[in-house]
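Colleague: I have the sequence and the model open. Can you walk me through how the pieces pack?

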Amino acid sequence: MNDQVPVVGEERPETCRAPDAEERSLWRRVMDQFADHCRSRSLFVLHYCTGCGAVELPPTITSRFDMERVGVSPMVTPRQADLLLITGYLSVKTLKRVILSYEQMQSPKYVLGFGSCTINGGMYWNSYATVKRLDQYIPVDGFIAGCMPRPEAVQQVILDLMRRIDSGQANAWRDYYLDYDTYLGRQAALFGEEWHTPTDVVAEARHYGYFGPGTTGVHTARLKNYTEWALNQIPELLPERGRNEKART
Amino acid sequence: MSLLDLLLLLSLLTTLYLYAFGNHRNAGHLGMVVYAVATGLVIAMAGPLADGTGAVGSTFAPVMLGHVLSWSMDGLGWFFALLTTGAAFFASWYMSGEWNAEQPNKRIQHGTLALNVFCMLLLLSSGDLLSLFIGWEFVSWAAFLMMTQLGSHAARAAFRYMLYALAGAMAVFAAILIVKAQIGSFAFADLRAAVPALSDGLKWLLFGLFGLGFGVKMAIVPFHLWQAPAYSFTPGASSAFLNAVSARMGLFAILLVLGKLIGFATLSDLALPLIPMDAKTLLMWVAAITMVVPTFIALMQTDARMLLTWHGIGQGGYMLLGVLVATPLGTAAGLMHVLNYASYQMALVLAVFAVIHRTGTADLDELGGLIKRMPFTYLALLMGIIGLAGLPPMNGFVSKWMIYKSLLDTQQPLLLIAAFVGTLGTILSVYKLIHNIFLGQLRAEHQKVGEAPGSMLAPMLILAGIGFATGFFPGLALGVVDVAQAALGVELLPHGLGGVYLATGSLNMIWVVGIMIGAIGFGAFVFYVIGNRRYGVHQFDNYAGGHFLSADIRYHFSHEFYPGLARLIGPWYRGSVVNMENGLMIGLKTAGDLWHGAFRIAYTPFYLLVALAIGLWWAGLDGGF
């Protein structure tokens, strides 16, 4: 049983390289462009709202500004969501939950930061308990300046994101896989050395084909302890993971 | 010696043997062999019964008080006998392996099963009203013995059952004596011939007394309170057997006496004063209420066994409604539902007891996520609930479709709506059953639970397979139903292997199931073959509003499963019938106390003298002196 479960951070002989756009076949390129086009027109937004900016979302989504007409719609679970909105300041405690939810979203996934707080801490710039720069902890596709931004500004940045998704430029999510070790290190610096989530990001990086030199490193090596801890507590906790790995190789 | 003699003798000897040597570890296997042989004997009897008029007689004909008791099995009895021996076979199989090894009272379990089979066969082959009554009493007491085997809670429920059953039996006995007083005979044929000449009042009386007596066994509303606890707390295969067969004895007796001897047509001539309703419609509405009320009581249960047994009562309503429609389609639907119900209900109860066997509980609030640990039990339960809910591709769909169709054809929209409402409640509650046991979060204490052993899996999977086979090819079951329908004197339903063919609309399950399997297969192909790569995640990598989940956090929503619905039906559910029963109990107790007090205080010799005088006077009236 145990030998089928991949250990997080373990070095593997085969490392996946990020596929170069030029290398893809014509068929794949056409299909990817088609998928991107469709994806940009149906963004499901995870209902995980923090800070003051959440109050700008009801007018944005509902009849006055009506973002639903361009395909933006709320979604209650991260697995089915495409877009995570960080609508204001994040306390350290909330950031843990945001990271957990972000990791549970399926790629490709997009993050937008609302207001000054996500950019530089805003009015909480000197708070000990507030995150200053969101993009140090998860990759962010766009920010909206202001305190708080008006719905027009929210609309504008979402339309901009849609345009970039359509043209294949909104690829910040890949950074999380390619530079996972760096992100994990910054998270651990904030939360402490025992920080880990239930999601096996390294295996996901392999799954999506974005396992790079920066995916694993000194920080991900630490995660090994927690995987083994989980396995020792409940031996058959992770049966699916083993089965999937086996089927893939 | 006829085949019926052989069958009864075999059954009696099995009972005696298993009572004596039921503790032997191979008792279950012996039971399997015996019930297989008994099923074979029943099937061998089919030949002369197929045309509907034949019967297999017994040479055993004792004389009691000048009356010759006779036993002979006609097509109707044969149909239920096949059900009985078949169910006993699977029950015995279930008890043959690991289950058998771990039971403290295996001698009683095997013995009572055999005794129940014997008594039921005796009832099903009764040849006149007196032997019917004897069989009826035997069946009641045998079921009582089976229910009390574990004592405690089950015994209390069984005692409650016995009170109902005795009241019912007295009603039946009174009705039989009235018949005897009126027509001077216990023979079925004499009653049948004499019915048109009876007065309306007498017909109402017979209808009421027989309906009460047999209705108690079927647990039709308002006599439904005893059945669920009594069947639920009986162990394992015994409970499955009771669920599948025992209550159907009531349906058999209703079909025999009210359907065949008195005749449903006679009942439709009995008009109620003031309201535009006749005796048959009245009974149909009782059946409709029996479909709806117990089903929604089932919805509120937190014990898996109770949920299933309450459904058993509700499903009995469907059968009764079907046969009361009394068209060829309706009768076939009701009778087919008896067979279908037996197959899936038995699979369901056996599956639930397999879960109890492994986890030690049937509490729906304390289970969850067992699909990874007991996948085959899950499969049996899944197929069972699809049948119970009346959805294709299982057999429950066919018989329920036929019941709906027969109600449509006879233009009874309100009863049709009642049937739909009952089905809705069934669908809701079976989802609760499978969700709370098998889906969702696996509890830490169940991490090491294993699959049920083969001896328990095999019977439930085969029963579920029978349910699927007779859903795919309903003609297999309809062929068996034909025998009973012919014996009832109802015109046969035109049918083929795939379903029923009617001028007003047909059902061909081969197409229905074929298209279903095709569609599901296409979906599976899309998702598993041409779809993207899948990446599974483990159970605690789940979204709970951003919370980190671990084994000590319950995120399996099972307690108070339908809160909105519960609020809606709560006032009804809290039970006027329970209050009524309590009132009756208090009244009965008071009357008993009064009588007991009067008896105890004084005059005992006086009462004896009065009783003696009345007895002598009665004997004198009879011309004894």
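Predicted model: local features only at pLDDT ≥ 70, side-chain atom pairs only at ≥ 80, totals over all residues.

Colleague: Start with chain A. Into which domains is chain A divided?

Modeller: Chain A has 10 helices and five strands. The chain is divided into two parts, one of them built from two segments. The domains are domain 1 (1-16 + 179-249) and domain 2 (20-170).

Colleague: Which helix supplies the largest share of the side of domain 1 of chain A that touches domain 2 of chain A?

Modeller: Nine residues of domain 1 of chain A contact 10 residues of domain 2 of chain A. On the domain 1 side, α7 (180-191) and α8 (201-208) of chain A each supply at least two residues. By class, that side has five nonpolar, three polar and one charged residue. The largest share, five residues, comes from α7(A).

Colleague: Why is α8(A) described as largely enclosed by the rest of the structure?

Modeller: A residue counts as buried if 20 or more other C-beta atoms lie within 10 Å of its own. In α8(A), A:V201, A:V202, A:A203, A:E204, A:A205 and A:R206 are buried. The helix is largely enclosed because the buried count is six of the eight residues.

Colleague: Which residue just after α8(A) takes a positive phi?

Modeller: Look just past the end of α8(A). The phi there is about 80 degrees. The residue is A:G209.

Colleague: How much of chain A is buried?

Modeller: Chain A has 249 residues. Among its contacts with a separation of 6 or more, 82% join residues 24 or more positions apart. The share of residues that count as buried is 37%.

Colleague: Now chain B. How far apart do the C-alpha centres of domain 1 of chain B and domain 2 of chain B lie?

Modeller: Domain 1 of chain B covers 271-532 + 548-574. Domain 2 of chain B covers 580-621. Their C-alpha centres lie apart by 48 Å.

Colleague: How do α2(B) and α4(B) run, roughly parallel or roughly antiparallel?

Modeller: Helix α2 (residues 27-44) of chain B and α4(B) have axes 8 Å apart, at an angle of about 160 degrees. Angles over 145 degrees count as roughly antiparallel. α2(B) passes α4(B) in a left-handed crossing. The two helices are therefore roughly antiparallel.

Colleague: Which residues of α4(B) make the contact with α20(B)?

Modeller: Helix α4 (residues 75-94) of chain B packs on helix α20 (residues 454-472) of chain B at about 155 degrees, with axes 7 Å apart. The pair is therefore roughly antiparallel. α20(B) brings B:S455, B:M456, B:A458, B:P459 and B:L463. α4(B) brings B:F90, B:W93 and B:Y94.

Colleague: How many charged residues does the contact of α17(B) with α20(B) have?

Modeller: Helix α17 (residues 375-389) of chain B and α20(B) come within 9 Å and cross at roughly 35 degrees. The crossing is left-handed. Residues including B:F376 and B:M383 in α17(B) meet residues including B:L457 and B:F468 in α20(B). The contact has eight nonpolar and four polar residues, and the charged count is no residues.

Colleague: How many residues of helix α12 (residues 236-246) of chain B are buried?

Modeller: The buried residues of α12(B) include B:G236, B:F241 and B:S246. The helix is largely enclosed by the rest of the structure, because the buried count is 11 of the 11 residues.

Conventions. Residues numbered from 1 in each chain as written. Chains lettered and ligands numbered in written order. Domains from an automatic or database assignment. Helix = DSSP H or I, 4+ residues; strand = E, 2+ residues; numbered from the N terminus. Buried ≥ 20, exposed ≤ 12 C-beta atoms within 10 Å, placed from the backbone. Contact = placed C-beta atoms within 7 Å. Axes fitted to C-alpha atoms, helices over the stretch in contact; angles between N-to-C directions. Parallel < 35°, antiparallel > 145°, perpendicular 65-115°, else oblique. Left-handed = near helix turned anticlockwise from the far one by under 90°. Nonpolar A, V, L, I, M, F, W, Y, C, P; charged D, E, K, R; others polar.
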